[in-house]
Amino acid sequence: MSTTEPDALLGPADIRELAAALGVRPTKQRGQNFVIDANTVRRIVRTAGVREDDVVVEIGPGLGSLTLALLEAADRVVAVEIDDVLAGALPSTILARMPQRAARFSLVHSDAMLVEELPGPPPTALVANLPYNVAVPVLLTMLDRFPTIERTLVMVQAEVADRLAAQPGNKVYGVPSVKANWYADVKRAGSIGRNVFWPAPNVDSGLVSLVRREPPKTTATKAEVFAVVDAAFAQRRKTLRAALAGWAGSPAAAETALVAAGISPQARGESLTVEEFARIAEAKA
């Protein structure tokens, strides 16, 4: 790990000063809540297990709190920022506060949902404080497009964290849980209070760790499996025989596919693992 000045990271006064200089007011529309606590960003980097040979991609770096902490620990950091003003300011913040690491930083000024390639070596880790309103689609898109990402740690709304990390049978288990499980082993990795943000959100945040593993072995494609997942949870309280009727063509066809996959037609989506959803997709194909 490189040695950096103790004050290289941003504190509450630095954040407010930077924001004022840029005329930035965090917007609800983009789910912006800036982390103002250096201990919190260091804890995120530590929990993410960032190594000195890692190429880390960060989504929504904002004013750069987490970016600086990542640069302290990783080999390279690529930040993806949609906001024009924030994207314009970040490189000079890095240069001013961590000049000796600035060459290891790259900025991609874009919507993360549209990014299909990143500059430099392939990313090995994804670490981000994800905007609440787009957390799940951004996370799943990045895991899908960048298969070299081995380890991910995201900070999201506590409720979203619970949903992502939920296991079958849990009442919040649903589409995000199953789809995240296609790519990785997912678990809750801690909680973050409201007072480390500016502005303080009116919800708590949670950390979610995702460690890449092979998707389930199946002859069905990911798109086919995800179509079953979407159908199963579109009407949560229905049995799979009823919920999958539209997907299969009729309740009887759904029952045939379920029986062939070794799954009770009376079961509900929230009791199934990603492997079982893959078996259903295979049975219909």
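How many of the five residues of strand β2 (residues 55-59) are buried? In this predicted model, in which residues are numbered from 1 along each chain as its sequence is written, local features need pLDDT of at least 70 and side-chain atom pairs count only at pLDDT 80 or more, whereas totals for chains, interfaces and linings use all residues. Side-chain values use heavy atoms, with hydrogens and water left out.

Five of the five residues of β2 are buried, so the strand is largely enclosed by the rest of the structure; buried here means under 20% relative accessible area, exposed means over 50%, and partly exposed lies in between, with a 1.4 Å probe and protein chains only. Strands are DSSP runs of E of at least two residues and helices are runs of H or I of at least four, numbered from the N terminus. From β2, V55, V57 and I59 point one way, while V56 and E58 point the other way, and all are buried. The strand pairs with β3 (residues 76-81) in the parallel sense over five bridges, pairing being assigned if DSSP finds at least two bridges between two strands, and the bridge partner of V55 in β3 is R76.

Within β2, V57 counts as buried at 1% relative accessibility. Leaving aside neighbours within four places in sequence, V57 is in contact (heavy atoms within 4.5 Å) with V78, V80, L118, P123, A125, L126, V127, M142 and I149. The C-alpha atoms of V57 and L86, which are 29 residues apart along the chain, are separated by 17 Å.

Nonpolar cores were defined as sets of buried Ala, Val, Leu, Ile, Met, Phe, Trp, Tyr and Cys residues joined through side-chain atoms within 4.5 Å. The largest such core has 60 residues, of which I59, L130, L210, V225, L244, F277 and I280 touch the most other members. Apart from neighbours within four places in sequence, L244 is in contact with V228, A231, A232, A254, L258 and I280. A second, separate core of 41 residues includes L70, V77, A102 and L153.

A search of the whole structure finds one cavity of 30 Å³ or more, and the volume of the largest cavity is about 40 Å³. On a 1 Å grid over the protein atoms alone, a cavity is a set of points where a 1.4 Å probe fits but cannot get out, and lining residues have an atom within 4 Å of a point; grid points are joined across faces, edges and corners, and a volume is the space filled by probe spheres set on the points. The lining of the largest cavity consists of A48, V50, A125, L126, V127, R151, T152 and L153, with β5 (125-129) and β6 (151-157) being the elements that give two or more residues to this lining.

K179, in helix α7 (residues 175-183), counts as buried at 11% relative accessibility and touches L140, F226 and D230, not counting residues up to four places away in sequence. I36, in the loop between β1 (34-35) and α2 (38-47), counts as buried at 10% relative accessibility; with residues up to four places away again excluded, I36 touches L10, G11, P12, I15, R16, N195, V196, F197 and W198. The peptide bond from W198 to P199 is cis, with omega near -10°, and P199 is placed in the loop between β8 (197-198) and β9 (205-212).

How values were computed. On a 1 Å grid over the protein atoms alone, a cavity is a set of points where a 1.4 Å probe fits but cannot get out, and a pocket is an open set with protein on both sides within 12 Å along at least five of seven lines; lining residues have an atom within 4 Å of a point.
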